Amino acid sequence: MSKDLASFHEALLQSKRVLAVCGAGLSASSGIPTFRGAGGMWRKHNALELATPEAFRKDPGLVWQFYSLRRHNALKAAPNAAHYALAEFARQRPFPEFLTLTQNVDGLSEGAGHKGKSVEFLHGSLFRVRCARSWCRYERFDISDPITPALAVPEGEEDGAWRDVPIEGLPKCPECRTGLLRPAVVWFGEELDSQMLKRIQQHIARDPVDLCIVIGTSGTVYPAAGYASQVKAQGGKVAIVDIDCSVRGDDADWLFEGDAARVLYLSTFPLSDTC
Ligand code: BJW
């Protein structure tokens, strides 16, 4: 395992196919809390309580408040140098040479201009909403803040002060008129989009990926957590960029400990001139 930026950069330039797998640490320096690290929002509010279909069925008001707060904070946040570096690299090395798989739902990659075939959003988006009824196909892009008056985040309460929101105050499906809308994100136990998973598997299987860069993810949630091992098993190299590498990197070829924005901007993509 190496910490040598020069050899990593050389490998990046030489690689015909590069895969980036991103997690919450990518957006940390934009002020978006991670899930499991220090200050992670789910320390105060249990993940299993809030990010499951069961939680939504039990208390949609609580779950909607959690997501309203995150929509509000994400709309105020700006992409950081890491988002721009990945977007710039995608422009220099278009798909299929470079593919990013992000678990983030905050819209910051899109805000940096990272869109199209070069990026797959594994866990959906905070800014898409869909009908919670499985038989109703209604879905839309929605950046309204608040999404309903009852879900407004009171000024000074951006850290989250929970209150009762009656079901009448939650967004309703305008199509079937019987269901509530829900964030179009992937909760624990829910299937990721099958077409997207197929595209990713075909991409990895068609021509082996030479280099996988794992950025700011604890690597605890599947299927995202499995892609680096898959690349490794096919003979590719793996680099990890994370602020805390203390429990990581057993099979990584490079390990860079630091803020993703700083590491990616300063060292990984020195050719980027947009950030
Ligand atoms: C920095 C930094 C800085 C901080 N710079 N770094 C195979 C084996 C075992 C279990 C399963 C399996 N396959 C599927 C499962 C079940 C389950 C799962 O993985 N469970 C695990 C807990 C074991 N997976 C699923 O249910 C998935 N569905 C699925 O596979 O369907 C089929 C199926 C179902 C059931 C069984 C089998 C098959 C769906 C997973 C959906 C995850 N959803 C969430 C919520 C999304 C919506 C939302 O945002 O609200 O996704 S959970 C949460 O975790 C969120 C994240 O995207 C995801 C990953 O978290 P991430 O990004 O890694 O964040 P952190 O906080 O964990 O880590 C941050 C990292 O950044 C840390 O390392 C920090 O050090 C670092 N860092 N600051 C650089 N400045």
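The chain exposes about 13,300 Å², and carbon and sulfur atoms supply 52% of that area. Please keep in mind throughout that this is a predicted model. Of the 275 residues in the chain, 52% count as buried. The secondary structure comprises ten helices and nine strands. As for contacts between residues at least 6 apart in sequence, 69% of them join residues at least 24 apart.

Three strands form an open sheet in the order 5-4-6, and their pairing is antiparallel. Strand 5 and strand 6 stand at the edges, each with a single partner strand, so one side of each has no neighbour in the sheet. From one strand to the next, the twist averages 40 degrees. In general terms, the strands of a sheet pair through backbone hydrogen bonds, in either a parallel or an antiparallel manner.

Strand 4 covers residues 124–131. How many of its eight residues are buried? Six of them are, which leaves the strand mostly covered. Strand 4 is joined to strand 6 by four bridges, and these two strands run antiparallel. With strand 5, strand 4 pairs over three bridges, again in the antiparallel sense. Val-129 illustrates both pairings: its bridge partner in strand 6 is Pro-183, and in strand 5 it stands opposite Arg-140.

Helix 5, residues 60–76, lies across strand 4 and strand 6. The direction of helix 5 is at about 140 degrees to strand 4.

I now move to the loop between strand 5, residues 139–141, and strand 6, residues 181–185. Is Thr-148 buried or exposed? Thr-148 counts as buried, because its relative accessibility is 10%, and the cut-off for buried is under 20%. Leaving aside residues up to four places away in sequence, Thr-148 touches Gly-169, Leu-170 and Pro-171.

The other is Ile-167, also in the loop between strand 5 and strand 6. Ile-167 has a relative accessibility of 47% and therefore counts as partly exposed. With residues up to four places away in sequence again set aside, Ile-167 touches Pro-60, Lys-172 and Leu-180. For the pair Ile-167 and Leu-180, the separation is 13 residues in sequence and 8.8 Å in space, taken from C-alpha to C-alpha.

Finally, the ligand. Which of the 34 residues around the ligand come nearest? They are Tyr-67, Arg-70, Thr-217, Ser-218 and Asp-242. Several polar distances may be of interest to you. In the side chain of Thr-217, an N or O atom is 2.6 Å from an oxygen atom of the ligand. For Gly-216, a polar backbone atom is 3.1 Å from an oxygen atom of the ligand. At Gly-25, a backbone N or O atom lies 3.4 Å from a nitrogen atom of the ligand. On its own, the ligand has 1,400 Å² of accessible area, and the protein covers 76% of it.

To restate the main points: the sheet has the strand order 5-4-6, helix 5 lies across strand 4 and strand 6, and 34 residues stand around the ligand.

Methods. Residues are numbered from 1 along each chain as its sequence is written. This is a predicted model: local features need pLDDT of at least 70, side-chain atom pairs count only at pLDDT 80 or more; totals for chains, interfaces and linings use all residues. Side-chain values use heavy atoms; hydrogens and water are left out. Buried means under 20% relative accessible area, exposed over 50%, partly exposed in between (1.4 Å probe, protein chains only). Contact means heavy atoms within 4.5 Å. Accessible areas come from the Shrake-Rupley method with a 1.4 Å probe; for residues, only the protein chains shown count as cover. Two strands pair if DSSP finds at least two bridges between them. A residue is near a molecule or strand if one of its heavy atoms lies within 4 Å of it. A polar contact is a pair of N or O atoms within 3.5 Å; within protein, one must be able to donate a hydrogen and the other to accept it, and residues adjacent in sequence count only if both atoms are side-chain atoms. Axes are lines fitted to C-alpha atoms, for helices over the stretch in contact, and angles run from 0 to 180 degrees between N-to-C directions.
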